[in-house]
Amino acid sequence: MKKLLLVVLVVFMVFGMVSVNYAGTPSEKLSRGIANVPVGAFLEIPKNIDLEWKNSKNAGIGIFCGLFKGIAMGLGRLGSGLWDILTFPAAVPKDYEPLIKPNLVFDK
């Protein structure tokens with residue numbers, strides 16, 4: 001069991017070193033999915049709270065709207081990341097493109 005865990009950890013580390021700014025290969029699609037599932041989906045909440053708070057005239061309303069927008073966007077990013085992980089060998093959509101833009105949470 002420990003050997004399997006070590007192998008999985010090494011695989012994740014190797015895929016984590018691959019550039020995930022664009023899709024183009026199965027390994028890039030898998031690494032984008034790995035980045036989006038645990039971390040990216042969660043970080044959508046504070047990102048959207050910050051954006052809505054800064055753009056709103058009322059900070060309370062901005063925080064409230066940002067919270068729910070972040071939850072919705074996080075669920076979308078979670079689904080996109082799971083799709084990337086489960087279908088990384090296939091070029092679906094065309095040329096391994098992401099389902100959600102930007103590829104990662106804080107990309108512009």
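Helices (H or I, at least four residues) and strands (E, at least two) are DSSP runs, numbered from the N terminus. On that basis, the protein chain contains three helices and zero strands, in the sequence pattern α-α-α. This is a predicted model, in which local features need pLDDT of at least 70 and side-chain atom pairs count only at pLDDT 80 or more, whereas totals for chains, interfaces and linings use all residues. Residues are numbered from 1 along each chain as its sequence is written, and side-chain values use heavy atoms, with hydrogens and water left out.

**Whole chain**
- Of the 108 residues in the protein chain, 28% are buried (under 20% relative accessible area, with exposed over 50% and partly exposed in between; 1.4 Å probe, protein chains only).
- Contacts (heavy atoms within 4.5 Å) between residues at least 6 apart in sequence join residues at least 24 apart in 61% of cases.
- The chain exposes about 7100 Å² (Shrake-Rupley method, 1.4 Å probe; for residues, only the protein chains shown count as cover), and 75% of that area comes from carbon and sulfur atoms.

**Helix H3**
- Helix H3 spans residues 59–86 and includes Leu67.
- Leu67 is partly exposed, at a relative accessible area of 32%.

**Segment after H3**
- Leu99 lies in the segment after H3 and is partly exposed, at a relative accessible area of 49%.
- Leu99 touches Ser80, Trp83 and Pro93, when residues up to four places away in sequence are not counted.
- The C-alpha atoms of Leu99 and Asp84 are 8.4 Å apart, with the two residues 15 residues apart in sequence.
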